[in-house]
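Please open the structure in a viewer and keep the selection panel at hand. The stops below say what to select next and what is found there.

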Amino acid sequence: MMHRFKTYFRKKMTFMVVPHDGGSPIQIKTNLFILHTAVLLLGALVTWAAMLMVKDINYELASLNDQKMRTQMTAIMTELEHHRVLLSHMAQVDQQFRKLLKLGDRKQVMLYNGIKGPAEGDGDDLSTLFEQPDQELLNKLQMSLEETSGAASKEEASFKEISSYLSKQRSIVAATPSIWPLKGWITSGFGKRASPLTGEPGRHYGVDIANEVGSPIRVTADGLVTYAGWENGYGRVVVVEHGYGFSTRYGHCSRVDVKVGDEVKRGQVIAYVGSTGRSTGSHLHYEVRVHGIPVDPEKYLPQID
């Protein structure tokens with residue numbers, strides 16, 4: 001073994017360089033050990049340089065990815081700020097609607113806790129936000145997303161309540177008698193009166209509107225026909241339930257054009273003036289009842305100029 005090592009260290013190698021211009025050849029003598037050592041050192045240097053280059057490339061790639069992520073987060077935060085401003089405006093509109101519709105004393109679906117518009121310095125906060133560590137930045141982004149989502153859900157619930165309220169109000173308006181059922185003039189009002197047939201004192205539960213036989217009678221609110229036929233005293237009569245406690249009656253008709261179960265709309269012709277039942281002439285006996293109790297129909301008749 002020692003002999004082999006001694007032989008290896010003593011072994012010589014000669015390199016000859018021959019110039020192409022005819023010059024004298026150059027001989028380079030070196031020890032094999034030195035040559036191997038030089039090759040190994042050169043290989044180590046190349047490997048070290050390659051590792052440094054890869055590390056530098058990875059660093060540059062990481063920097064580019066980090067910059068790209070921060071650019072994307074900046075865009076997201078800017079968009080969130082835009083939605084925050086929009087939600088603030090929605091909250092203001094919501095409050096104005098509630099005030100206009102007198103919903104302030106109703107059960108609040110929307111709670112305005114912490115929903116605010118952009119304050120002075122918000123732009124600075126956004127620019128300095130990205131100087132923080134990535135994890136803290138992600139946490140703040142997540143928190144902002146949750147707050148924005150929560151605010152949007154509350155606004156949606158509030159607007160749904162307003163929509164439901166407006167829909168109900170439209171239904172109440174549609175169910176409230178508000179037009180004249182017949183063109184004509186009132187010949188007998190609501191309340192105490194002497195019977196036109198017997199002269200005895202009594203009570204009139206509606207108003208009599210006079211017009212010629214065959215004049216069209218129109219329903220005064222949307223509703224459902226619950227009776228259409230003959231009834232003592234009323235003659236041919238139509239009864240319409242409108243909802244929310246309202247019902248109307250149309251008596252002494254000569255002809256009825258609806259039947260039980262028909263849905264009718266305000267202004268629709270449902271019958272024609274006659275003098276059936278206990279009547280002294282052609283007219284419409286018109287009643288308005290609230291929860292079954294007769295009330296003065298003139299309160300629901302618009303003024304005629």
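A residue counts as buried when its relative accessible area is under 20%, as exposed when it is over 50%, and as partly exposed in between. E287, with a relative accessible area of 1%, is therefore buried. The model toured here is a predicted one.

**The whole chain**

Buried residues make up 29% of the 305 residues. The accessible surface is about 20,200 Å², and 59% of that area belongs to carbon and sulfur atoms. Of the contacts between residues at least 6 apart in sequence, 63% join residues at least 24 apart.

**The nonpolar core**

Next, select I217, V238, V240, Y250, V264, I270 and Y286. These are the residues with the most contacts inside the largest nonpolar core, which has 19 residues. Two or more residues of this core come from each of β6 (207-210), β9 (235-243), β10, β12 and β13 (283-290). In soluble globular proteins, nonpolar side chains tend to be buried together.

**T248 in strand β10**

Move to T248, which lies in strand β10 (residues 246-256). Is T248 buried or exposed? Its relative accessibility is 1%, so T248 counts as buried. The T248 side chain makes a polar contact of 2.7 Å with the side chain of H242. Beyond the neighbours within four places in sequence, the residues in contact with T248 include P177, T220, V238, V240, Y286 and E287.

**Two aromatic pairs**

The structure holds two aromatic pairs. F246 counts as buried at 12% relative accessibility, whereas Y300 counts as partly exposed at 22%. Then select Y250 and Y286, whose rings form a tilted pair, 5.5 Å centre to centre and 35° between the planes. This pair links distant parts of the chain, with Y250 in strand β10 and Y286 in strand β13, 36 residues apart. Both Y250 and Y286 are buried.

**Salt bridges**

How many salt bridges does the count come to? The count comes to five, and three of them can be visited in turn.

- Select R289 and E287: a salt bridge joins them, with the closest N and O atoms 3.0 Å apart. R289 counts as buried, at 18% relative accessibility.
- Select D262 and K259: their side chains meet in a salt bridge of 3.2 Å, N to O. K259 counts as exposed, at 54% relative accessibility.
- Select D222 and K265: their side chains meet in a salt bridge of 3.7 Å, N to O. D222 is in the loop between β7 (216-218) and β8 (223-231), and K265 is in the loop between β11 (263-264) and β12 (269-273), 43 residues apart. K265 is exposed, with a relative accessible area of 54%.

Finish at F190, in the loop between β3 (185-188) and β4 (191-194). F190 is partly exposed, with a relative accessible area of 25%. The C-alpha atoms of F190 and R203 are separated by 7.9 Å, and the two residues are 13 apart along the chain. Leaving out residues up to four places away in sequence, F190 touches R203, H204, Y205, G206, V207, P294, V295, D296 and P297.

Technical notes
Residues are numbered from 1 along each chain as its sequence is written. This is a predicted model: local features need pLDDT of at least 70, side-chain atom pairs count only at pLDDT 80 or more; totals for chains, interfaces and linings use all residues. Side-chain values use heavy atoms; hydrogens and water are left out. Helices (H or I, at least four residues) and strands (E, at least two) are DSSP runs, numbered from the N terminus. Buried means under 20% relative accessible area, exposed over 50%, partly exposed in between (1.4 Å probe, protein chains only). Contact means heavy atoms within 4.5 Å. Accessible areas come from the Shrake-Rupley method with a 1.4 Å probe; for residues, only the protein chains shown count as cover. A salt bridge is a side-chain nitrogen of Lys or Arg within 4 Å of a carboxyl oxygen of Asp or Glu. A polar contact is a pair of N or O atoms within 3.5 Å; within protein, one must be able to donate a hydrogen and the other to accept it, and residues adjacent in sequence count only if both atoms are side-chain atoms. A nonpolar core is a set of buried Ala, Val, Leu, Ile, Met, Phe, Trp, Tyr and Cys residues joined through side-chain atoms within 4.5 Å. Rings of Phe, Tyr and Trp (its six-membered ring) pair if their centres lie within 6.5 Å; planes under 30 degrees apart count as stacked, over 60 as edge-to-face and the rest as tilted.
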